[in-house]
Every structure is written in C-alpha cells, then in structure tokens.
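Look over the sequence and the structure below. The report covers charged side-chain pairs and strand pairing.

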Amino acid sequence: MKRVPNLKTDAEVEAFLEQNLSDLDFDCKAIYRKARHRNLDMAQRLSREIVAFAQEYGAQTIVLEHLKHYRPRAGRKGATLRQRFHGWLHGLLTRRIRERVEEAGLLVEFVNPAGTSEYAYDGSGAVKRDVRNWSWVKFATGKRYNADLNACYNIAARFFAKMLGLTGSNAQACVRGKSSATQPRIPVTLSTLWQHAQVIAAEHEAPTTALA
C-alpha cells in the first residue's frame, strides 16, 4: 500500500491526487481524510476572520452564494475531485459562519451563484479567464481585473438587488429600459444597481407638468 505523504498545501493535495489517482493500490480513504481535516481547520479559521471583518466595519449581514444544489460544469482531468473538496469546504464554512453569526447577532443571506464569476461587474458582458494567471479575468472592454473581487461585487449586488426587488424581468428592464426576448439575458451584476440609481435620479429630476 502506497504511503500518503504529509501534504501541507492545497496545491500539494491536488498534485498528489492527479499523480496517484490511477494507482489501484493507493489508499483513497487516507487522502480524503486528510483533505477533510484540512478543510475543517480552514473553515474554523476563515469563519472567524470573516465574522470579525464584518464586525470591524459595522456590517449587519454576511452574503454567501447558495451552492447547496449547485453543480459546476465539468473541467479538465482532476477537476471533479477538486470541486468535491471545495464543496466540502464551502459547506463547512457556511455552517461555521452561521454558528458564529448567530452568536454575534448578525444575519446571513444567500444569493443565486449563477454568473457571479462569469460576468463583469460593470455590465460589459462575459469575462475570459487569463490562461497564464487564473486569478485574473479580462473584460470585453479589454480591462483586466481580479476574478475574486469581480465576483464579490456581483454577489453583494445580488443581495441589494433582492432587497430592492430587482430580480428576473425587473432587473432586465432596469438595465435596458424594457424587457426583450430577442436580447440575451445578463445576470444581475453591480451595474444593475448603477442603472437603477440612474433611473431613480432621472425620475426625480424629470419636470412635472401642472394641470390647468
């Protein structure tokens, strides 16, 4: 039976899995156990830091993506296992955050995760990942931006859009001024809130006509 080495980083875990997955003598239970323990430790630490950050800046609500039934598209070899490990971490992290939030008197809200990473926060459309650095994306305008920060803007925007009732056809009408079946539907992004603010401002600035 092949001995499982002491894996200290996520990259080492993923590399070891890809190199040894085809080995029939490899003890999968050991590596899964190591991954679970590592995810548990990360969930404990990250949940503590997230709640502390929210309290430091006076936030009343922590917004998370609702990934309980979400299934990401298949990727290259080894992606399924990585998605499973990340899924374990997200589930653990969500539970730990909810426990700590309850103790701190804060709230947790969940939003639809579809398209938060795939679309630019500025409304310019779908983004493309930088093949040389996966942590960066390229907007249709040519601008390069941090992928995680772009997704965070959209996740936060989804929460405020839900509070304002800007979901579904209402969000599309806000962005385009009207709903059209011939135009592609773009998920709610930060630009949706910008458009909504512009509409509200225009309505307040519009002159009123006095009736004789």
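## E109 and K162

E109 is partly exposed, at 25% relative accessible area. The model is predicted. The side chain of E109 meets that of K162 in a salt bridge, 3.5 Å from N to O. This pair links distant parts of the chain: E109 sits in strand 2 (residues 107-111), K162 in helix 4 (residues 147-164), and 53 residues separate them. K162 is also partly exposed, with 35% relative accessibility.

The whole structure holds 5 salt bridges. Side chains of opposite charge can pair when their charged atoms come close.

## D122 and K143

D122 and K143 form a salt bridge through their side chains, at 3.8 Å from N to O. D122 lies in the loop between strand 2 and strand 3, K143 in the loop between strand 4 and strand 5, 21 residues apart. D122 is partly exposed at 23%. K143 is partly exposed at 31%.

## R144 and D130

A salt bridge joins the side chains of R144 and D130, 2.9 Å from N to O. R144 belongs to strand 5 and D130 to strand 3, so the pair ties together parts 14 residues apart in sequence. R144 is partly exposed, at 43% relative accessible area. D130 is buried, at 14%.

Strand 3 (residues 128-130) pairs antiparallel with strand 4 (residues 133-138) over 3 bridges. A hairpin of 2 residues connects them. K128 has K138 as its bridge partner in strand 4.

Strand 4 also runs antiparallel to strand 5 (residues 144-146), joined by 3 bridges. Here K138 partners R144. The hairpin between these strands has 5 residues, and G142 in the turn has a positive phi of about 100°.

Technical notes
Residues are numbered from 1 along each chain as its sequence is written. This is a predicted model: local features need pLDDT of at least 70, side-chain atom pairs count only at pLDDT 80 or more; totals for chains, interfaces and linings use all residues. Side-chain values use heavy atoms; hydrogens and water are left out. Two strands pair if DSSP finds at least two bridges between them. Helices (H or I, at least four residues) and strands (E, at least two) are DSSP runs, numbered from the N terminus. A salt bridge is a side-chain nitrogen of Lys or Arg within 4 Å of a carboxyl oxygen of Asp or Glu. Buried means under 20% relative accessible area, exposed over 50%, partly exposed in between (1.4 Å probe, protein chains only).
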